[in-house]
Amino acid sequence: MAKNIVARSKDYPQWYLDVIKAAELADYSPVRGCMVIRPHGYALWEAIQRDLDRRFKATGHQNAYFPLLIPVSFLEKEAQHVEGFAMECAVVTHSSLKKGEDGHLQARSELPEPFVVRPTSETIFGHMYAQWIQSYRDLPLLINQWANVMRWEMRTRLFLRTAEFLWQEGHTAHETAQEAQEETRRMLDVYAQFAHQFLAMPVVKGRKTESEKFPGAVTTYTIEALMQDGKALQAGTSHFLGQNFSKAFDIKYLDRGNQLQHCWTTSWGVSTRLIGGLIMTHSDDEGLILPPRVASTLGAVVPIYRSDEEKEQVITYCKRLLAALCGEEHLQAALERDKNREIISVFTDHSATQKIVLDLREGRAVEKHFHWEQRGLPFRFEVGPRDVANEAFVLKTRFDNSKEFCKLAEVDPQWLQKKVQTVQEAMYQKALQFQRSKTVEVESYDQLKEAVQAGGFVRCWFHEDPQVEAQIKEETKATVRCIPLEQPGGVGKCIFSGRETKEQVLFALAY
RNA sequence: CGGAGCGUAGCGCAGCCUGGAUAGCGCACUUGCUUUGGGAGCAAGGGGUCGCCGGUUCAAAUCCGGCCGCUCCGACCA
């Protein structure tokens, strides 16, 4: 049992915070609601960026960067949008500082028009798109930006809800509604595949109800994940914005028939919240567990020895193991670069995205085991005198705590990649099985109430109605997470109104 | 913003009610020795304007007033 991490069964929210702290992913900052993402946590974001960015490029998007500050007047232009975000905007009203009579610095000159710190960038993208788009030849315009945004939340939780967070936001403009809708669905698929293949996180693709959709959107699609405590997490959204923003910002083009038309636009995003989802999907009472594709540090080699003589033999052997895993070239580069360090980082590839560390710190091997375990490294290579004698080592796999006795002779980079692939897939299957086991179907409101309290996704026939949703939320705290894209077909009776409906929805308690 | 609680070393806490000596304990950290295949032991050491401002008093971590901050529960939310 980890002594610095409370058990999930005892206090799940505290467990979540303990895992983050033990793994050194993030820390509270002196600024209300804002976190510091520490190197080991930021490495997760970098990995997410790397993989997603590749997928965005592969689907024809380009990156750009827009300003952090947005004129307040921009927000006013789309009625629903301003209503949705007004309460959580941070506002910049002054420039420059002066020393006040009390000796403290204070704001000096008031701005002619205040700015908001972007809560999202539809408005400023809209403003620029109106200038860039003249003709159907300029379409589609497919731009993404990696940025920070700020939403002045009442209550915050590390990664899941912070006042400032990192995300990407794609903003696209199209000739036709159909093209824009296809784009919206395409990016939803990109997110779902990314969650599956990279984060090993199963998600349900679906559409948001009217009351849950993005302010200003015609349709909002979502990927919903299920956390170990049975609560749902919205892990990514993709919005079909119709012509709402193109009309608000005058994004017009001349079509092929020389007629002036408003564009059809989309936006889509995922945030550092994914890291929270990653933690709550895979980790256990011993701490963080990372899927191998996400882990910047794939594994740690921990030498075990008693005497100085053993130490020298074991460490020499560890280096042979590292050469086999990562290649002699990478080992030599690491030994040279880190020669004055206690931890040697050997990259497994030329782009230096993943590494295996050799832990040469003084101290007991068992403490090193816990150290790397809590940080979620997928693999640990234990090498002691017995292993040196046998030309072998012990491979510990983090996610299932399995122990395998391996021979040095069988190890090469392909062997490692195969381990990565196997574990990655096994972690997805485990999470998928969990999600399925926690998804139930109910046929009455009473059953819904009971099922929702037990945790998990609750599937049922439902006739969409904002008032009913509000009442159910009031009575059960559960919300419609989504109307899944996969439907059984046919019709059923709404569990609340008894009306005939074609749609099933997923209810759940949510983060 | 409503309800509750808490601010004492990096973290977790005791001390406060009933004012008084050098402010204490555990973890963590530093050094040395012994240990080392699942959270070791001994020894020495470093680290505090007791959240801030004011008041009462010979004397305040302790009593009184005000302010600030944080956490939890609600409303809001990627």
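In strand 26, which residue is the bridge partner of Trp461?

Author: The bridge partner of Trp461 in strand 26 is Gln504. Before going further, some ground rules. The model is predicted, so local features need pLDDT of at least 70 and side-chain atom pairs count only at pLDDT 80 or more, while totals for chains, interfaces and linings use all residues. Residues are numbered from 1 along each chain as its sequence is written, and chains are lettered from A and ligands numbered from 1 in the order in which they are written.

Strands and helices are DSSP runs numbered from the N terminus (E, at least two residues, for strands; H or I, at least four, for helices). Two strands pair if DSSP finds at least two bridges between them. Strand 22 (residues 457-461) and strand 26 (residues 504-508) are joined by 4 bridges and run antiparallel. Both belong to an open sheet of 11 strands with mixed pairing, in the order 3-7-8-14-11-10-9-23-26-22-21. Its edge strands, each pairing on one side only, are strand 3 (62-63) and strand 21 (439-441).

The division of chain A into domains, whose bounds come from an automatic or database domain assignment, gives domain 1 (12-282), domain 2 (297-417) and domain 3 (439-508). Taken over C-alpha atoms, the centres of domain 2 and domain 3 are 50 Å apart.

A residue is buried if 20 or more other C-beta atoms, placed from the backbone, lie within 10 Å of its own, exposed if 12 or fewer do, and partly exposed in between. Strand 17 is largely enclosed by the rest of the structure, because 5 of its 5 residues are buried. Lys355, Val357 and Asp359 point one way from the strand, and Ile356 and Leu358 the other. In a regular strand the side chains alternate between the two faces of the sheet. Strand 15 (residues 297-303) runs parallel to strand 17 and is joined to it by 4 bridges; here Gly299 has Ile356 as its bridge partner. Strand 16 (residues 343-347) runs antiparallel to strand 17, with 5 bridges, and Phe347 is partnered by Lys355.

Next comes helix 9 (residues 308-326). The expected span of a helix is 1.5 Å times one less than its number of residues. For the 19 residues of helix 9 this gives 27 Å, which agrees with the 27 Å between its end C-alpha atoms. Tyr317, Cys318, Leu321, Leu322, Leu325 and Cys326 are buried in helix 9. These residues cover an arc of only 155° around the axis, so they lie on the same side of helix 9; the arc is that of the directions from the helix axis to the C-beta atoms. Glu309, Glu312 and Thr316, on the other side, are exposed. Gly327, which follows helix 9, has a positive phi near 100°.

A residue is near it if its C-beta atom, placed from the backbone, lies within 6 Å. RNA strand B is surrounded by 35 residues, the closest being Arg32, Met154, Gln234, Val366 and Gly384. Elements giving two or more residues to this surface are strand 11 (232-242), helix 11 (365-374), helix 12 (385-390) and strand 19 (392-397). Helix 11 gives the largest share, 7 residues.
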